[in-house]
Amino acid sequence: DLQIWHDTQHSYVRDNGTGNLRLKTNNLIELVSGGTNEVMGQFASNAGVGLYYNGQKKFETTQSGIIVTGIATADGFVGPLEGNVTGDLTGDVNAGVITAVSGNFTGNVTIGGTLTYEDVTNVDSIGIVTARDGIVVNTRGIHVLSGITTLQDLDAQDLNIRNITGS
């Protein structure tokens with residue numbers, strides 16, 4: 001049922017019997033390169049699995065999950081994401097809190113809560129109104145109830161301005 005042989009180029013282990021082929025050890029099973037003695041894989045009883053590339057561990061199982069060293073490519077991800085993320089995030093990103101230095105958005109951005117920003121002197125925008133309250137926008141126009149209104153290159157029809165004060 002179990003055959004081990006070598007031809008002029010390769011060695012083989014074949015299990016032709018019923019059941020599984022099992023390698024049993026009390027310690028560690030290692031797959032090692034014959035030419036360089038480089039570890040390719042380690043399988044330890046109750047201690048995890050390690051897969052190597054060019055002598056460096058790249059994939060490791062642990063009691064709580066896995067550790068990937070290097071770049072991991074996946075077509076999806078679910079669960080908490082910790083640490084640094086580099087590269088582009090595409091598709092839908094659903095997160096509790098995203099902290100970033102800068103962000104670029106194309107298309108629509110929807111904010112379901114309050115948009116808060118600290119540096120109001122460096123807001124680059126076209127056609128935006130920023131206010132917590134005191135502004136009414138309806139079919140008759142915009143009514144500013146309180147606060148400061150800054151207008152530049154105003155083109156208006158039927159403009160009514162009341163109670164102007166200045167210094």
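Guide: One definition is needed at the outset: a residue is buried under 20% relative accessible area, exposed over 50%, and partly exposed in between. Please note also that this is a predicted model.

Visitor: Is K57 buried or exposed, or does it lie in between?

Guide: The relative accessible area of K57 is 31%. Buried requires a value under 20% and exposed a value over 50%. K57 is therefore partly exposed.

Visitor: With which residue does K57 form a salt bridge?

Guide: Side chains of opposite charge can pair when their charged atoms come close. A search of the whole structure finds one salt bridge. In the bridge formed by K57, the closest N and O atoms are 3.6 Å apart. The partner, which has 25% relative accessibility and counts as partly exposed, is E60.

Visitor: Which residue is the bridge partner of E60 in strand 7?

Guide: Strand 6 covers residues 56-61 and pairs with strand 7 in the antiparallel sense, over three bridges. The partner of E60 in strand 7 is I67.

Visitor: Which residue in the turn between strand 3 and strand 4 has a positive phi?

Guide: Strand 3 and strand 4 pair in the antiparallel sense over five bridges, and V32 has V39 as its bridge partner in strand 4. The two strands form a hairpin with six residues between them. The residue in the turn with a positive phi, about 60 degrees, is N37.

Visitor: How far apart in space are T36 and G55?

Guide: T36 is found in the loop between strand 3 and strand 4, and at 55% relative accessibility it counts as exposed. In sequence, T36 and G55 are 19 residues apart. From C-alpha to C-alpha, their separation in space is 9.8 Å.

Visitor: How many charged residues are in the lining of the largest pocket?

Guide: The largest pocket holds about 2,600 Å³ of space. Of the 42 residues that line this pocket, the closest to its centre are L81, V85, D88, L89 and V93. By class, the lining has 20 nonpolar and 18 polar residues, and the number of charged residues is four.

Note on methods: Residues are numbered from 1 along each chain as its sequence is written. This is a predicted model: local features need pLDDT of at least 70, side-chain atom pairs count only at pLDDT 80 or more; totals for chains, interfaces and linings use all residues. Side-chain values use heavy atoms; hydrogens and water are left out. On a 1 Å grid over the protein atoms alone, a cavity is a set of points where a 1.4 Å probe fits but cannot get out, and a pocket is an open set with protein on both sides within 12 Å along at least five of seven lines; lining residues have an atom within 4 Å of a point. Grid points are joined across faces, edges and corners, and a volume is the space filled by probe spheres set on the points. Ala, Val, Leu, Ile, Met, Phe, Trp, Tyr, Cys and Pro count as nonpolar, Asp, Glu, Lys and Arg as charged, and the others, Gly among them, as polar. A salt bridge is a side-chain nitrogen of Lys or Arg within 4 Å of a carboxyl oxygen of Asp or Glu. Buried means under 20% relative accessible area, exposed over 50%, partly exposed in between (1.4 Å probe, protein chains only). Two strands pair if DSSP finds at least two bridges between them. Helices (H or I, at least four residues) and strands (E, at least two) are DSSP runs, numbered from the N terminus.
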